[in-house]
Amino acid sequence: MKKKVTTAARSAAVEQRSKNLSTNDAGVSAGQHDGGGRALDIAAPKNAKHLNRRWLILIPVIMFIYIIAYMDRVNIGFGLTQIREALQMNASQAGLASGIFFIGYLILQIPGGYFAQKWSAKKVVAVLMLLWGLCAVAEGLVHSYEQLLWVRFLLGVFEGGVQPALMVMINRWFSLSEKTRANSLFIMHNPIATIITGPFAGLLLSFGDWRMLFIIQGLLPFLGIAIWWILSADIPQDAAWAQPEEVKLIDAKRAAEEPAPVQTSWKEAVYSPYTWILGLLGFLVWFGFYGLQMWLPTLLKESFTSDWEVGLVSVIPPVVTAIAIYANGRGADRDHRYNLRVAVPLILGGIVLACSTFVTADMRWLIVAIYSVAVACQLSFFGSYWTINSILLSPAAVGTGFGIINGVGNFGGFLGPYVGGWITDVTGSLPLATAIFGSAVVAAGLIALALTKAVRRELEKRAAASEE
C-alpha cells in the first residue's frame, strides 16, 4: 500500500532534499538514485564553485540572447520619427509597422517549444537567431512601407519561437527547487534591456540615422550565435564547461524532484486543461498590463522635464523591478509557495493599475513610486508562474505546452492596445479602460490562487514517488 504523503511531510521532504543536494554541501546523500534506479556516487567538496557554473555561464548567456532580442524588437520606436519621414508613413501605418511584429510572434510559439523538446533547443535557437538577425539587418535596407511591414512580421515570426525553446532548456538544466530562481533570472533581461536599450539607440542615432540603428543592432544576433553555440547545451552532459561533479549533482537533484523525462507529445499538451488555464492566466496578465502604457508613462513625461530628472526617473522602475524579480524568485525556491508568489504581485499590480488614473501630474514622486511598483508586479510573478507551468504539465507536454501558454499570453499583449483604444473611443473614459485592465490582472492572480491545490497535489505525488 502506498503511503499517503501530507503537505507538511512533502514540504519537509523537499526541504531536506534541497539541503542534501545543495551546491554548497558535500554532495548527494546516500540512497539517492538516478532515473534508472542506479545509485549515484557524488563526493563533491564543500563550497565548490565549479558546481555553480550553470548559474555563472548558462543563465547569463540566455539573458544575453534575449536582451539582443528585446533590442531588435523595440528599436523601431526610437527611430520611428525618421522612418515615418523617409517612408512617408502616417500615424496609423506607423502603429501597424510597430504592432505587426506581435502578429508574427504568435506563429512559432508552439513549433518552437515542440521542436526544442523533440529535437534540440540549442539548434532551434541558433537557427532562429540567424533568421531574425537577417530580418533585423533588412529593416535598415527597406525602401517602402510595405517592405518594412514584411520584415517586421518575419522578425516577429523568428523571434517568437525563441522563448519557448529557452524555457525548455531551463527546464532541463534546473531542478524544481532551483527553477523559479532560474526563470526569474531569465526575465531579468527585461529591466536590464530597458536600462541599456535607450542610451544605446540614442548613441547610434546621434552618429547616424535609423538605417544605422537597425543594421548595427541587427548584427548583434550574429555575435550572439557564436557565443550561444559555444556555451549553451541541451543537457548538462553536452556542456564542455560543466564539471562531472556538477552534471551528477544536476542529475541527482532532478531525479529526486522531477518526473522522469519521456517522449514529447503535442496531443498531451493540447488535451491538458492546465495548458489552457495557464495560458488564460498569461493572457489576462499581458492583456491587463497593457494599461501601464496608457497613462503612467504620459504622467512621467508631464511631471519631469529636465534631462537629469528624466534620466533619473527612467532608471528607478527597472532597478526596483530587478530587485523584486530576484527577491520573489529566490523566496519561492525556499518556501515553495509558488501560487502565492504569483498571486500577490498580480493582485497588487492590478489594484495599482486600476487606481492609477486618480494620480495627477503634480504628484511627481508618487507617480514614480506607483509606476515602479506596477512594473515590478508585472514581471516579478514570472519565475513562479513558469515553475507552476512545469509542475502542472506532464513531461511529455512540456515543449508544446510551453509554446501554447506563451502564445496565448502574448496574444493578450497584442489584443490589449486595440481593446484599450476601442474602450476609450466608445466611452471616452480612460479610467474605465484602466479599471478593466486592472481587473484582468487581478483575475489572473485569483486563477493562480485557485490552482494552489492542484500544484500541492502534484508536488505530493512527486514526493511520494521519490520515497518509494
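In this predicted model, the second largest cavity is lined by Met 167, Ile 170, Asn 171, Lys 179, Asn 183, Trp 386, Ser 390 and Phe 402. Its volume is about 30 Å³, and the structure holds two cavities of 30 Å³ or more. Helices H7, H8 and H18 (382-392) are the elements that give two or more residues to this lining. H7 provides the largest share, three residues. By class, the lining of the second largest cavity consists of four nonpolar, three polar and one charged residues.

Two packed helices are described by the angle between their axes and the distance between the axes.

| Helix pair | Angle | Axis distance |
|---|---|---|
| H7 (residues 162-173) and H8 (residues 176-187) | about 145° | 10 Å |
| H8 and H18 | roughly 135° | within 7 Å |
| H13 (residues 273-288) and H18 | about 170° | 10 Å |

The crossing of H7 and H8 is right-handed. On the H7 side the contact is made by Gln 163, Leu 166, Met 167, Ile 170, Asn 171 and Trp 173, and on the H8 side by Glu 178, Lys 179, Ala 182, Asn 183 and Phe 186. Six nonpolar, three polar and two charged residues make up this contact.

H8 contributes Leu 176, Lys 179, Thr 180, Asn 183, Ser 184, Phe 186 and Ile 187, while H18 contributes Phe 382, Gly 383, Ser 384, Trp 386, Thr 387, Ser 390 and Ile 391. The contact of H8 with H18 has six nonpolar, seven polar and one charged residues.

What is the orientation of H13 and H18 to each other? Their angle is about 170°, and H13 and H18 are therefore roughly antiparallel. Tyr 274, Leu 278, Gly 279, Leu 281 and Gly 282 of H13 meet Tyr 385, Ile 388, Asn 389 and Leu 392 of H18. This contact has six nonpolar and three polar residues, and no charged ones.

Conventions
Residues are numbered from 1 along each chain as its sequence is written. This is a predicted model: local features need pLDDT of at least 70, side-chain atom pairs count only at pLDDT 80 or more; totals for chains, interfaces and linings use all residues. Side-chain values use heavy atoms; hydrogens and water are left out. Axes are lines fitted to C-alpha atoms, for helices over the stretch in contact, and angles run from 0 to 180 degrees between N-to-C directions. Helices (H or I, at least four residues) and strands (E, at least two) are DSSP runs, numbered from the N terminus. A crossing is left-handed if the near helix is turned anticlockwise from the far one by less than a right angle, and right-handed if clockwise. Contact means heavy atoms within 4.5 Å. Ala, Val, Leu, Ile, Met, Phe, Trp, Tyr, Cys and Pro count as nonpolar, Asp, Glu, Lys and Arg as charged, and the others, Gly among them, as polar. On a 1 Å grid over the protein atoms alone, a cavity is a set of points where a 1.4 Å probe fits but cannot get out, and a pocket is an open set with protein on both sides within 12 Å along at least five of seven lines; lining residues have an atom within 4 Å of a point. Grid points are joined across faces, edges and corners, and a volume is the space filled by probe spheres set on the points. Angles under 35 degrees count as roughly parallel, over 145 as roughly antiparallel, 65 to 115 as roughly perpendicular and the rest as oblique.
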